[in-house]
Amino acid sequence: MVKRRDILTGAAAVATGGAVLGVLGKDKAPGSHTPKRSELGAPSISKNRRQFRLATSWPKDFPGLGQMPNYFAQALSEMSEGRLEVKVYAAGELVGALECFDATSTGAADMYHAAEYYWQGKSKGFSFFTAVPMGMTAAELMGWIDHGGGQALWDELSAQFNIKSFQAGNTGHQAGGWFKRQINSLEDFKGLKMRTPGLAGEVMRRLGGSAVAISGGEIYQSLQSGAIDAAEWVGPWNDIALGFYREAPYYYSPGFSEPGASLAIGTNLDVWNSLSSADQAMIQHACAHANAYSLGEYSYRNGLALETLKNDHGIVPVAFNDEIMETVGAVCEDVVRELAASDPMTKRIYDSYLTARNASRGWTEISDGGYIAARKVALDKLY
Ligand code: CA
């Protein structure tokens with residue numbers, strides 16, 4: 001039971017950001033779990049062999065998020081024929097869940113895997129490299145970062161902290177969450193206590209509700225006791241395991257807060273600069289593999305989990321109505337725009353992000369959006 005609890009508590013880092021710093025409570029001194037050389041079978045640098053210590057924000061092998069760094073490590077090992085090894089540390093093994101950025105910055109770790117919006121205490125600009133409310137979908141975000149100038153801004157921001165980062169995982173769309181009662185109008189948000197983190201929490205407050213940032217392991221009990229009326233976590237695959245549907249059966253999707261949450265691998269900049277261009281390229285491509293591979297996994301496993309929720313548990317997903325979304329949308333735009341005033345770097349990131357989102361959405365609406373609506377019309381009567 002202790003292990004189970006640790007898993008759920010550590011999972012808090014998924015979506016609560018800085019609010020859960022230290023929740024694991026057993027943060028160890030940087031380097032305390034560095035493997036002994038005798039365990040590695042070879043020195044960490046020998047014949048261009050390298051071993052990288054990668055600290056994560058996730059419980060060990062946590063479904064989805066905790067697998068992403070493993071996909072990266074495996075791809076890098078395969079491409080380099082075992083020459084480039086990555087030792088993945090779960091939250092708390094090398095450093096605490098939200099200490100992996102600082103550990104990588106100082107070199108106590110070589111790399112981290114986490115969500116960039118956890119670092120919004122360092123710069124609000126980091127939020128844009130994970131997800132912002134009413135922001136870009138996974139594909140749109142990949143487009144901006146790889147093709148629309150996002151990576152250069154990210155490099156400039158991260159270099160201030162001696163880090164070089166790439167996208168290395170994406171959960172795809174995150175649902176609106178689980179509610180104990182129906183949300184039919186804006187009035188229904190008034191007084192609503194919802195577990196939802198960060199920027200989405202601020203949106204909830206401006207709608208007249210209150211936002212609670214509690215760990216994943218506390219959500220179920222809080223719903224059961226009535227401490228909260230609603231909760232957002234990730235999506236069907238991760239949510240079904242925690243049983244929220246038993247206490248809060250109104251499942252709203254789409255959500256508006258994390259339309260395609262990206263995860264990142266950051267590498268200590270000195271380590272990065274010490275690598276050959278070929279090794280740098282392999283790291284970049286292994287990150288791209290983890291990014292695409294995990295996005296597909298979330299899409300597939302969310303689909304299976306949603307079928308189970310519908311067929312075995314009687315859950316009928318519903319959408320927020322247009323009146324709600326119009327107001328929520330305006331509030332989201334205000335909350336995100338206010339980030340731009342934080343500092344000049346964040347303003348440049350915001351401007352670039354917003355330009356890309358506004359340029360992308362027209363096509364997404366008539367392509368993915370249009371096709372999905374058309375497919376529903378075409379298939380609903382057949383199946
Ligand atoms: Ca979430």
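Buried means under 20% relative accessible area, exposed means over 50%, and partly exposed lies in between (1.4 Å probe, protein chains only). By that rule Phe 320 is buried, at 6%. This is a predicted model, so local features need pLDDT of at least 70 and side-chain atom pairs count only at pLDDT 80 or more, while totals for chains, interfaces and linings use all residues. Residues are numbered from 1 along each chain as its sequence is written, and side-chain values use heavy atoms, with hydrogens and water left out.

**Aromatic rings**

- The structure holds 23 aromatic pairs. Rings of Phe, Tyr and Trp (its six-membered ring) pair if their centres lie within 6.5 Å; planes under 30 degrees apart count as stacked, over 60 as edge-to-face and the rest as tilted.
- Phe 256 and Phe 320 form a tilted pair, because their ring centres are 6.3 Å apart and their planes stand at 50 degrees.
- Phe 256 sits in the loop between strands E10 (250–252) and E11 (262–268), and Phe 320 in the loop between helices H12 (277–313) and H13 (322–339), so the pair ties together parts 64 residues apart in sequence. Helices (H or I, at least four residues) and strands (E, at least two) are DSSP runs, numbered from the N terminus.
- Phe 256 is buried too, at 10% relative accessibility.
- Ring pairs also build a cluster, with Trp 58, Tyr 112 and Phe 161 among its members.

**Calcium site**

- The protein donors of the calcium ion are Gln 174 (OE1), Glu 232 (OE), Glu 232 (OE), Trp 233 (O) and Glu 258 (OE), at 2.1 to 2.8 Å from it. Donors are N, O and S atoms within 2.8 Å of the metal (3.2 Å for Na, K and Ca); water is not among the atoms, so sites may look incomplete.
- Glu 232 and Trp 233 are both buried.

**Salt bridges**

- The whole structure has 19 salt bridges. Each is a side-chain nitrogen of Lys or Arg within 4 Å of a carboxyl oxygen of Asp or Glu.
- Glu 232 also bonds this way with Arg 195, the closest N and O atoms being 3.6 Å apart. Arg 195 lies in strand E7 (residues 193–195), 37 residues from Glu 232. Both residues are buried.
- Glu 85 and Arg 49 form another salt bridge, at 2.9 Å between the closest N and O atoms. Glu 85 is partly exposed at 27%, and Arg 49 is partly exposed at 30%.
- Glu 202 meets Arg 205 at 3.2 Å, N to O. They are 3 residues apart in helix H8 (residues 198–206), so about one helical turn separates them.
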